[in-house]
Amino acid sequence: MREIGHFIGGKHVPGTSGRAGDVMKPMTGEVQARVALASRSEVRQAVENARAAQPGWAATNPQRRARVMMRFLDLVHAEYDALAELLALEHGKTIPDARGDIQRGLEVVEFAIGIPHLMKGEFTDGAGPGIDVYSMRQPLGVVAGITPFNFPAMIPMWKFAPAIACGNAFILKPSERDPGVPMRLAELLVEAGLPAGILNVVNGDKEAVDALLDDPDIRAIGFVGSTPIAEYIYARGAAAGKRVQCFGGAKNHMIVMPDADMEQAVDALIGAGYGSAGERCMAVSVAVPVGEATADRLLEKLVPRVEGLKIGPSTDPEADFGPLVTREAVERVRGYVDLGVEEGADLLVDGRGFSMQGYENGFYMGGCLFDRVRPDMRIYKEEIFGPVLSVVRARDYEEALRLPSEHEYGNGVAIFTRDGDAARDFAAKVNVGMVGINVPIPVPISYYTFGGWKRSGFGDLNQHGPDSIRFYTKTKTVTSRWPSGVKEGAEFVIPTMR
Ligand code: NAD
């Protein structure tokens, strides 16, 4: 049995807490590894190690820090296949989808390579007589990231790449369900020249997270996961005086206007609704056709496509999606489908009974499709996080705009239309953080920022893009005067730039 410990001070260290968890292989349902769950004292060791290493890294000039990231990119590319396979076998997603998970993370590493430019400060020459003002960005010190199971490569890279490039040391607490890839990424960064201690990986559960939240040497926490945990971490981290950004759950709507290209809309719903078994925070889980006729035309094409979804083990190159992450996840999603039936929605495609031949113990579930879902139903209000799409029929555009705007989550939303005016109005008015126009999963490119609104995001600054540099640095502003000529006496009035 593979044993996964922690990665501290540039090397693997075994867990000493006596607690460990199972890492499953979702495609077969077997346990494939045991992961150590850190105690408070193990977390503290990682923080102390990082704290000792950080000043030297902060003093390393930004071009040299960027070169480590460049070399890291090369090393990840050299073992892309092995990383994608490891990821797929721990998470359950298909190998091509696992490659996408790695790629979207690497794009943020590419962004972080611009750190010499990104960290440049501001300068005003002659803000007053003989007075210059400038600002500089300085790293925070030791920061931490707590990441979810569903993107075990992408989200750790979204966090550690900008944080480390800024000159911080980073403690990563990845999901205990799929820790293999984050551990390997840390090894590769050290191989790329990152000094030991600048990226420490501590595996664990609530105990490790609480230790990070309470540790006085952790200056900032970045979290991604479910909303109740996001709220908890935001509140407790902020109460401890830390800078905190937390990204939570979602219920992403896709509006289908009567003039939309129906083939494109159906392709988009199939990929964005069922890809990765719906285990994406940007998955489309609600389709909103506008008008009864649009709904009927959409469903006529959508139903056979959902019935024809190809589910397979993660290693099947033909599979549309693979298993879910755990047996509990399958049970939770099935429970939501049962609930939808009880609540009175029309279950047009029922994937609850799906079993994968030859992999009967794997965590599979077929695609499900509900019609006539209403906003008062729990299956509409809550995040299901599985291969389940709900159709909510809107009478008109105004209602379609109101649905995502009034939903408690506000991560992503999309509109499919050929009408530029409607699309522009929608993008301007909808109360959601990321909008796609004829794009179903509008995850912004790495040099823009990623973040949801309402109960999908807590904190002021988004992930990656310019916000990430602001989040992982503090601004110092210097007002300087080199007096020449006559020196005046003491000033008792607040200085103004006369
Ligand atoms: P999760 O909230 O269960 O776990 C996330 C992290 O928090 C893990 O590292 C876990 O160990 C830790 N954790 C879990 N319970 C905890 C507790 N009681 N106290 C302290 N820490 C705890 O989420 P998950 O199931 O791993 O991921 C799926 C969720 O993440 C979904 O809700 C999804 O929408 C969300 N997500 C959001 C985004 C985004 O950017 N908004 C991106 C990806 C995933």
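1. The side chains of Arg280 and Asp97 meet in a salt bridge, with 3.0 Å from N to O; the term denotes a side-chain nitrogen of Lys or Arg within 4 Å of a carboxyl oxygen of Asp or Glu. Arg280 lies in the loop between α10 (262-274) and β14 (284-289) and Asp97 in helix α4, so the pair ties together parts that are 183 residues apart in sequence. Helices (H or I, at least four residues) and strands (E, at least two) are DSSP runs, numbered from the N terminus.

2. This is a predicted model, in which local features need pLDDT of at least 70 and side-chain atom pairs count only at pLDDT 80 or more, whereas totals for chains, interfaces and linings use all residues. Residues are numbered from 1 along each chain as its sequence is written, and side-chain values use heavy atoms, with hydrogens and water left out.

3. Arg280 is buried, at 16% relative accessible area, and Asp97 is buried at 19%. Buried means under 20% relative accessible area, exposed over 50%, and partly exposed in between (1.4 Å probe, protein chains only). The side chain of Asp97 also makes a polar contact with that of Ser276, at 3.3 Å. Such a contact is a pair of N or O atoms within 3.5 Å; within protein, one must be able to donate a hydrogen and the other to accept it, and residues adjacent in sequence count only if both atoms are side-chain atoms.

4. The whole structure holds 36 salt bridges. One of them joins Arg44 and Asp215, whose closest N and O atoms are 2.8 Å apart. This pair links distant parts of the chain, with Arg44 in helix α1 (residues 40-58) and Asp215 in the loop between α8 (206-214) and β11 (218-224), 171 residues apart. Arg44 is partly exposed, at 25% relative accessible area, whereas Asp215 is buried at 5%.

5. Arg393 forms a salt bridge with Asp371, the closest N and O atoms being 3.0 Å apart. Arg393 is in the loop between β17 (388-391) and α14, and Asp371 is in strand β16 (residues 368-371). Arg393 is buried, with 14% relative accessible area, and Asp371 is buried with 5%.

6. In helix α15 (residues 420-429), Ala422, Ala423 and Phe426 are buried. Seen down the axis of α15, the buried residues fall within an arc of 100°, so they line one face of the helix; the arc is that of the directions from the helix axis to the C-beta atoms. The face turned away from the buried side of α15 carries the exposed residues Asp421, Arg424 and Ala428.
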